[in-house]
Amino acid sequence: MQISSMHFKARAHESLDNAQLQKNLVKFKTKFVTARRTGIAELDDFEGTREAGRAIRQRGLDNLDVWLATFERNAAARGATVLFAQTPAEVNRLVLGIACHHGVRKIIKSKSMVSEESALDHAIEGAGMTVVETDLGEYILQINDYEPPSHIIGPALHKSKEEVAELFARKHGTPRKDVIEELTLEARGVLRQHYLTADMGISGGNFFVAETGSVVIVTNECNATLGTTLPKVHVAISGIEKVVPTLEDVATLMRLLPRSATGQSISNYVDILTGTKGPGEFHGAEHMYFILVDSGRSDVLASEVREALRCIRCGACMNHCPVYQNVGGHSYGWVYPGPIGAILTPMYVGLENALELPHASTFCNQCGVVCPVKIPLPDLQRKLREREFAEHYRPWSERAALRLWAWFARRPKLYAVASRLGVRLLRSLAGPQGMIHKLPFGGEWTRQRDMPAPAGRTFRELYAQRKGSSR
Ligand code: SF4
């Protein structure tokens, strides 16, 4: 997928000026947040389960080499072939090699974010084969000239029902339908023939289970079940970090994943696929391949932001992020949006290609609070900001301002005087409603919204006054 994360600011402004997108994004501010709240309330001990989830994912990462070797051994014992890809280009090469080996003409795909990293669909089409996305959101984006996904669990959530109705009528050549169920039935009718005529199915993998050599795929649409069992060849692609030690670990993580994502206690479909079709078995692929992708993950594991690899791709951090809620997923310019994308993207595509992403945060820590595997997202973003500063990636004005602030911060008396002056100056800029419409030297802050003016006195002054009056 093309990387345009360097243009985060410009794209964010475009999104803020897009009235239709702003209307479509409202659901992030209500629907998902409410659903998650209801979903986690069902669990007796959500925080205890969350801690268990954190420990499971960390245990997997701490000995990743061992679990990968165990997974490879057990998957091979059940007839599957395990392949490793170092780069996105290698993912595409391996997939095309498998397809050629089995004489594949048509491929059906269920959602795989890793395959977005390597633009696998384009590589397949470039090799003269047909590829059909079967996740409804991905299908919508594919027929809309491969529009990029904007959310990791709902790739087309930025689109309204009306936009999809118009797209289907145009691309399918059918009368326009305005009821969601009718639109879904129409897509199902189109996709069904592809399930029955495809030679190969490609899926992602929510978890790879080391003790059994299985892949676990979580969906709500059954497309992964059909796509991995009807064609004769199944290829599951995912990052190396998705290996978990045991099936029992998966059970714990499954108490967290759907609840954090959509508020469901369990997803509609959870496929656990182990090995190729055995003698006398009706369902399953005759040939099964796993492609475990590094593409920068080893570097993340060795870095100061390694905890980001615990991510189970639930999407809760973006659903709760005030930045994502307002600018949407396309602004982030690559596969992974939101707070987790603000960490993974710079690590996978290079910090110099995504300089603004670690700054796409208010540090309110909503993301850190809701993350089901306790990734300290704002802390990790701050570490990337520190790296940008240390590697001289920030503009001289910002570096000079920070140096000035640090100089004052080391001189508490002077700092107190400067703060007193500063809050009074800001107060004087406020309009009658107590809001600042234009901030000197901070125009970006007030370009899209007003800023509440401070009280006119510093926190220390107010605290001293309150202490004095309570005596
Ligand atoms: S970082 Fe946490 S909240 Fe965000 S997608 Fe990953 S697991 Fe979910």
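In this predicted model, helix α17 meets helix α19 through Pro339, Ile340, Ala342, Ile343 and Pro346 on the α17 side and Leu377, Leu380, Gln381 and Leu384 on the α19 side. Sorted by class, the residues of this contact comprise eight nonpolar, one polar and no charged. Helix α17 covers residues 338-349 and helix α19 covers residues 377-390; their axes come within 9 Å and cross at roughly 35°. The crossing of α17 and α19 is left-handed.

The domain assignment gives three of them: domain 1 spans 63-295, domain 2 spans 315-390 and domain 3 spans 396-469. The centres of domain 1 and domain 3, taken over C-alpha atoms, are separated by 51 Å.

A second pair of helices is α10 and α11. Helix α10 runs over residues 161-172 and helix α11 over residues 180-197, and their axes come within 11 Å, crossing at roughly 35°. This crossing is left-handed. Which residues of the two helices meet? From α10 come Lys161, Val164, Ala165, Phe168 and His172, and from α11 come Ile180, Leu183, Glu186 and Val190. In this contact, six residues are nonpolar, one is polar and two are charged.

The next element is a sheet. In general, the strands of a sheet pair through backbone hydrogen bonds, and the pairing can be parallel or antiparallel. The sheet here is open, with four strands in the order β8-β5-β6-β9, and its pairing is mixed. Strands β8 (243-244) and β9 (269-274) are the edge strands, because each pairs on one side only.

Within this sheet, strand β6, made of residues 214-219, pairs with β9 in the antiparallel sense over six bridges. Val216 stands opposite Ile272, a residue in β9.

The sheet also has a helix against it. Helix α13, residues 247-261, lies across β5 (207-209), β6, β8 and β9. Relative to β5, helix α13 runs at about 160°.

How values were computed:
Residues are numbered from 1 along each chain as its sequence is written. This is a predicted model: local features need pLDDT of at least 70, side-chain atom pairs count only at pLDDT 80 or more; totals for chains, interfaces and linings use all residues. Domain bounds come from an automatic or database domain assignment. Two strands pair if DSSP finds at least two bridges between them. Two residues are in contact if their C-beta atoms, placed from the backbone, lie within 7 Å. Axes are lines fitted to C-alpha atoms, for helices over the stretch in contact, and angles run from 0 to 180 degrees between N-to-C directions. A crossing is left-handed if the near helix is turned anticlockwise from the far one by less than a right angle, and right-handed if clockwise. Ala, Val, Leu, Ile, Met, Phe, Trp, Tyr, Cys and Pro count as nonpolar, Asp, Glu, Lys and Arg as charged, and the others, Gly among them, as polar.
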